[in-house]
Amino acid sequence: MSSENAVELTDALKREIGQHFIFGFHGTQVSDDIVTLIRDYHVGNVIIFKRNVQDLPRLRALTDALQKIAKDAGHARPLMIGIDQENGLVSAMTRPNLELAGTQFPGAMAMAATQSTELVKEVAQATGREMRAAGLNWVFSPVADINSDPRNPVIGVRSFGDDPTSVASYVSALSQGFLASNVAPTPKHFPGHGDTHVDSHVGLPIIRKSLAQLHETELVPFERLIKEGVPTIMSGHMALPLLEPNSEPAPVPESKSDKNSDSDNNNLTPASLSREITTELLRKKMGYTGVVVTDCLEMDAVASAPGGAERGAVRALHAGADVVMICHRMDRQVGAVRAVWDALRSGELGKRGFEELEESGKRVRRLKDVFAGTWDDYDFGGDFGRGRLEEREREVWAMKKVHKELSERAYAASTALVRDPLGVLPLSHVASGTGTAARVLLLTPRPESLNAAVDDPEHTPAPTSAEEGTLRTADGKLRNTAGPSYNALAAAVERRLARANGERGLVHYVYSRDTRAKDVLDSFGASRDGPGAVGVIIFATQNAHPSKEWQLALLRDLLTSPGITAASVPAVLLATCGPYECGAISGTDAAGKELEGVACVATFEFTPEALEAGVKVLFGEVKPAGMVPVRLSESAGV
């Protein structure tokens, strides 16, 4: 390294470097690790996860404590404290059965199904109010990705849809809602993570598109938000080799001939570490002047590369990022800060790197001035005990009462009736028990990992056995686990099956990829406590098409079992995540012919609130108002 480019590592410079990191920590109380990071490494930004959340008043006590540590450590400005609060399946502030935790609102695709940018803005503003009540000022939302690939394992229903102009309208509305609550929104994942079926948590997605192609699709929402002055943007971990002049991607194997093969190639640079994308494209060509924060560098797309997250931090800052995110491991966090120290001290980053860091620091300070305020805005005196907690609990109670009504209105507006060719809905005749002793057979998929953004066990506290729920066979043997959301679905259905003769009206079966139709029907017969037959099938799916076709195969086998057809036994498919299976049962291809009589309702997520709204549609309590915001025909092979 050139000694002439070396920079003296003063205490002031160390304090400046700390402002360019955002770190997470573990536990619902202030940990020794986060104290060390804020006090000794001068880290100026903190990310909160579900693992840190008890409820909103106690989260406020935690964020107040973090701010006091920063003030006592000599930080010139308060911390930016952010959270992944996309709503829907990525809702770090919500905790089931904790009434003072954050309100569960619909996620992006469900909100897009409402066709109302005003409702999107209203929900974001309400979410922002709860964040402010908890001492949070930065939200890593909205997802601005276009879900162009139905196979996408990590974006999917976190996206507002597959039309760039519509997505731009919704992400703009969501950003405006957060800004109205003085929370900094962060559209992600620049320059777009939608057109890939590789999850950057576990690999490096490759998107082989030209800049012209990106401008037609991926960049449309970001361009709009940049014009509107969005304060922060998150860069993503995907490689775009056609934008990298020095990149020489390996030839695509015939078996992986699509545009986002996950071929192993060390020459490919993630966008978050790419100067060509962060500085040349985002800053210079698109004119963005706000703060750029990376996605977490512990994701495998970066962490598995030589040097890991620590080396990635140096590369990200060199690329033009303002803030580097490392969420989980203390050793990587400390290692990353020290790696930047060394890169400046040795001259690796050069004088230009030092000067760019100073300019970057100005952007971070402007962000803090607007959203974190000054130390005069924080009250660290007085009652920090039970009295203040009770006061905040009362404030949250009042806020959540209003927000619960908004949540129910939003979910009701999002539920979509995609098809009902035989007119089997509503199921009100089943709920009343009119004219038959037949019962409802509800099938729900056994919970499986969706992706790390939704169900990373490090982000989500393990449920208790009571929360998780179990189902047993007629002789009391453990059959399978349903998961809290699908148990809530079963309870919602059973509440509507009021039968005059007292017969249990519901049989709930949790199926897996090994389940056969005979297993289901045998279990149905064994669980009977009186006369009755299958009267209605409600078949819940979770990303059955195109990722988990075995789910549709089981439904097909059920409807071709002796004595059961879609014509003789009403069947409803409840799509509880992506809606693409509603296209796959259209009957227009070979795979859908046996299922063409099946009705389909889409909830776009499997939160209990979304499933409750779906059940209301099934039983005719509300009219379906949602519209599917993605194309279904292409995903079904039409």
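In which loop is the place of threonine 114? Threonine 114 lies in the loop between helix H4 (108–113) and helix H5 (117–133). The model is predicted, so that local features need pLDDT of at least 70 and side-chain atom pairs count only at pLDDT 80 or more, while totals for chains, interfaces and linings use all residues. Residues are numbered from 1 along each chain as its sequence is written, and side-chain values use heavy atoms, with hydrogens and water left out. Helices (H or I, at least four residues) and strands (E, at least two) are DSSP runs, numbered from the N terminus.

Threonine 114 has a relative accessibility of 10% and therefore counts as buried (buried means under 20% relative accessible area, exposed over 50%, and partly exposed in between, with a 1.4 Å probe and protein chains only). The side chain of threonine 114 reaches the backbone oxygen of methionine 111 at 2.6 Å. Beyond its neighbours within four places in sequence, threonine 114 is in contact with Leu119, Ala410, Ala413 and Ser414, contact being defined as heavy atoms within 4.5 Å.

An open sheet of 6 strands is found, with mixed pairing and the order E10-E17-E16-E15-E11-E14; two strands pair if DSSP finds at least two bridges between them. E10 and E14 each have a single partner strand and stand at the edges, so one side of each is left without a neighbour in the sheet. From one strand to the next, the twist averages 20 degrees. Angles run from 0 to 180 degrees between N-to-C directions, and axes are lines fitted to C-alpha atoms, for helices over the stretch in contact.

Within this sheet, strand E11 (residues 439–445) is largely enclosed by the rest of the structure, because 7 of its 7 residues are buried. E11 pairs with strand E15 (residues 534–541) in the parallel sense over 5 bridges, and leucine 443 stands opposite phenylalanine 539 in E15. E11 also runs parallel to strand E14 (residues 506–511), to which 6 bridges join it; here threonine 444 stands opposite valine 510. Strand E16 (residues 571–575) and strand E17 (residues 599–602) are likewise paired in the parallel sense, over 4 bridges. The bridge partner of leucine 573 is cysteine 600 in E17. Helix H20 packs on the sheet and touches E11, E14, E15 and E16, its direction making about 170 degrees with that of E15.

A helix pair was also examined. Helix H1 (residues 11–18) packs against helix H13 (residues 350–371) at an angle of about 60 degrees, with the axes 10 Å apart. H1 and H13 are therefore oblique to each other (angles under 35 degrees count as roughly parallel, over 145 as roughly antiparallel, 65 to 115 as roughly perpendicular and the rest as oblique). Leu13, Glu16 and Ile17 of H1 make the contact with Phe354, Leu357, Gly361 and Arg365 of H13.

Backbone geometry was considered last. Most residues other than glycine have a negative phi, and most peptide bonds are trans. The peptide bond from phenylalanine 190 to proline 191 is cis, with omega near 5 degrees, and proline 191 lies in the loop between helix H6 (164–180) and helix H7 (211–216). Leucine 425 and proline 426 are joined by a cis peptide bond with omega of about 0 degrees. Asparagine 182, in the loop between H6 and H7, has a positive phi of about 60 degrees and is partly exposed, with a relative accessible area of 31%.

Key:
A polar contact is a pair of N or O atoms within 3.5 Å; within protein, one must be able to donate a hydrogen and the other to accept it, and residues adjacent in sequence count only if both atoms are side-chain atoms.
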